[in-house]
Amino acid sequence: MILQAHLHSLCLLMLYLATGYGQEGKFSGPLKPMTFSIYEGQEPSQIIFQFKANPPAVTFELTGETDNIFVIEREGLLYYNRALDRETRSTHNLQVAALDANGIIVEGPVPITIKVKDINDNRPTFLQSKYEGSVRQNSRPGNSIGTLTAHDRDEENTANSFLNYRIVEQTPKLPMDGLFLIQTYAGMLQLAKQSLKKQDTPQYNLTIEVSDKDFKTLCFVQINVIDINDQIPIFEKSDYGNLTLAEDTNIGSTILTIQATDADEPFTGSSKILYHIIKGDSEGRLGVDTDPHTNTGYVIIKKPLDFETAAVSNIVFKAENPEPLVFGVKYNASSFAKFTLIVTDVNEAPQFSQHVFQAKVSEDVAIGTKVGNVTAKDPEGLDISYSLRGDTRGWLKIDHVTGEIFSVAPLDREAGSPYRVQVVATEVGGSSLSSVSEFHLILMDVNDNPPRLAKDYTGLFFCHPLSAPGSLIFEATDDDQHLFRGPHFTFSLGSGSLQNDWEVSKINGTHARLSTRHTEFEEREYVVLIRINDGGRPPLEGIVSLPGIILAVVFIRIKKDKGKDNVESAQASEVKPLRS
């Protein structure tokens with residue numbers, strides 16, 4: 001083993017003496033910081049330097065970014081056993097220390113820097129194998145199509161990474177070869193000799209080469225020629241003549257077909273045609289739909305035609321593209337066409353000025369008061385006769401000439417508000433056509449309903465004899481309209497003679513309590529009248545009785561019969577509430 005180690009060291013020493021590296025031509029020296037430069041790709045087992053240390057050092061130790069490439073022998077020989085790669089690591093930072101027989105550091109560690117020098121071992125590459133660009137037809141020579149960028153992993157700004165671009169091939173070579181150029185160093189692709197026409201050749205394919213001093217790489221570029229809007233739409237004829245239609249022609253009807261053509265590329269914004277009515281239809285009664293495949297225009301009715309307002313219309317169309325025309329090209333007379341629309345009269349029903357007429361009056365207006373009016377007009381100018389329909393309560397009448405509406409009976413908000421009827425307008429003469437509208441009469445409330453009990457109170461009674469004063473609660477209401485807080489009634493006894501036996505106390509705006517003042521009541525039925533006031537304008541009051549609650553007091557007699565209690569009760573007789 002010792003002999004084998006000596007032989008290995010001898011081989012390294014011979015290799016060291018032949019091809020070693022160092023500083024200032026020295027191949028050995030003391031342990032100190034050092035920097036070495038080594039070309040990548042060199043054969044392995046190259047000796048770099050032999051370090052010498054003072055006794056008692058017997059061996060050396062190497063640490064740092066060795067990457068299992070750099071090794072140091074016991075004798076201090078530093079070498080590498082695999083080829084270096086600058087693109088993997090351009091600088092290796094190592095440390096060397098001298099150790100004694102016990103492995104104790106006696107000198108160092110000192111930094112050793114290995115700089116890997118570049119060689120041209122990387123081929124230039126494109127990010128893609130195929131690119132796509134475009135150029136508008138009629139573009140001027142020199143216009144940029146795009147820039148190609150290749151990359152080289154060799155050291156930047158050196159001859160190894162300096163790249164050149166060139167066009168290897170153009171297909172097709174129509175109308176000539178050399179239509180494109182690429183800047184040698186920048187990679188910008190440009191139009192070279194003349195403008196292009198899509199009608200001649202819609203697509204070109206280029207083979208591009210990028211090279212450094214030793215390697216070449218190809219990529220492919222597809223260039224599409226894009227159409228521009230340099231052709232205007234042209235109508236097949238400028239005058240579509242006269243068209244006669246009745247004014248009641250259905251909305252949505254197609255009344256005319258028009259056609260223009262465009263020489264630009266089909267199915268693009270340059271050749272698509274939109275038709276606009278630019279004159280003769282201020283009301284927007286007509287519209288034009290375009291077939292996207294044929295550019296045929298279909299003139300349709302969007303709103304009702306009207307003989308009375310537009311019997312004859314001179315319509316002018318304009319055909320234009322959604323994409324703007326190129327500079328210098330303008331629409332001319334070829335993009336315009338016309339036709340004359342003649343509308344014939346049709347007898348039409350009267351037309352109300354509103355779909356719903358509405359009026360508001362107080363419910364206590366005097367009979368014969370005008371409560372509203374409606375208006376209608378006959379398109380042909382005939383006289384109109386008005387009538388009412390659905391006046392179920394017989395409250396209203398209408399002047400058949402003027403459309404004024406009057407009350408003919410007392411109105412009652414509580415019976416129905418708003419009160420809805422239909423108004424019929426019929427032309428006088430002609431075909432007697434008619435139309436219908438709504439009349440809504442809103443009745444404003446007046447205080448015309450006296451208070452009353454909210455329900456019939458029956459089936460309640462006091463037992464005789466009264467052991468303590470009793471009370472009952474009752475509720476009042478009326479049929480008038482109230483504010484959001486509800487009614488505010490006041491309560492009192494109906495006559496002064498009742499005050500010795502009864503009292504009324506208010507609980508809130510709608511409820512009160514009737515109480516007995518003592519317990520000394522006879523066994524009979526009592527009728528107590530209550531006065532309720534609503535405090536309205538004008539104020540109204542009602543006098544009511546409460547049968548079966550407190551007003552009819554029923555006594556229960558208890559007597560002995562054969563050792564058992566016998567209970568005899570008398571049912572209160574019903575008393576109808578009194579109305580004022």
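How many bridges pair strand S36 (residues 471-477) with strand S39 (residues 511-516), and in which sense? The two strands pair in the antiparallel sense over 5 bridges. Strands here are DSSP runs of E with at least two residues, helices are runs of H or I with at least four residues, and both are numbered from the N terminus. Two strands count as paired if DSSP finds at least two bridges between them.

This is a predicted model, in which local features need pLDDT of at least 70 and side-chain atom pairs count only at pLDDT 80 or more, while totals for chains, interfaces and linings use all residues. Residues are numbered from 1 along each chain as its sequence is written, and side-chain values use heavy atoms, with hydrogens and water left out.

On the whole, the protein chain has 1 helix and 43 strands. Of its 580 residues, 39% are buried, where buried means under 20% relative accessible area, exposed means over 50%, and partly exposed lies in between (1.4 Å probe, protein chains only). The chain exposes about 32,200 Å², and carbon and sulfur atoms supply 51% of that area; accessible areas come from the Shrake-Rupley method with a 1.4 Å probe, and for residues only the protein chains shown count as cover. Among contacts (heavy atoms within 4.5 Å) with a separation of 6 or more, 66% are between residues 24 or more positions apart.

As for confidence, pLDDT is the predictor's own score for each residue, from 0 to 100. The protein chain averages 84, and 87% of the residues score at least 70. Two stretches call for care. Over residues 1-25 pLDDT stays under 50, and the model has 38 contacts beyond four places in sequence for them. Residues 548-580 also stay under 50, with 84 such contacts. Where pLDDT is low, the predicted coordinates should not be read in detail.

Back to S36 and its partners. Ile473 has Arg513 as its bridge partner in S39, and Ser471 stands opposite Ser515 in that strand. S36 is also joined to strand S35 (residues 452-453), by 2 bridges and running antiparallel; there, Arg452 is partnered with Thr477. S39, in turn, runs antiparallel to strand S38 (residues 502-506), with 5 bridges between them, including the one that partners Lys506 with Ala512. A hairpin of 4 residues joins S38 to S39. In a regular strand the side chains alternate between the two faces of the sheet.

Another piece of the model is an open sheet of 4 strands, ordered S18-S20-S23-S22 with antiparallel pairing. Its edges are strand S18 (234-235) and strand S22 (286-290), each of which pairs on one side only. S22 pairs with strand S23 (residues 296-301) over 5 bridges in the antiparallel sense, and Thr290 stands opposite Gly297 in S23.

Then there are the aromatic rings. The structure holds 13 aromatic pairs, counted when rings of Phe, Tyr and Trp (its six-membered ring) have centres within 6.5 Å; planes under 30 degrees apart are stacked, over 60 edge-to-face, and the rest tilted. Phe126 and Tyr131 make an edge-to-face pair, because their ring centres are 6.3 Å apart and their planes at 70 degrees. Phe126 is buried at 12% relative accessible area, and Tyr131 counts as buried at 17%. The rings of Phe317 and Phe339 have centres 5.7 Å apart and planes at 10 degrees, so this pair is stacked. It links distant parts of the chain, with Phe317 in strand S24 (residues 312-320) and Phe339 in strand S25 (residues 336-344), 22 residues apart. Phe317 is buried at 0% relative accessible area, and Phe339 is buried at 2%. Elsewhere, Phe36, Phe49 and Phe51 form one aromatic cluster.

Finally, Gln137 sits in the loop between strand S10 (130-136) and strand S11 (144-147). With 3% relative accessibility, Gln137 counts as buried. The side chain of Gln137 makes a polar contact with the side chain of Asp227 at 2.8 Å. A polar contact is a pair of N or O atoms within 3.5 Å; within protein, one must be able to donate a hydrogen and the other to accept it, and residues adjacent in sequence count only if both atoms are side-chain atoms. Beyond its neighbours within four places in sequence, Gln137 is in contact with residues including Leu196, Gln199, Val225 and Asp230.
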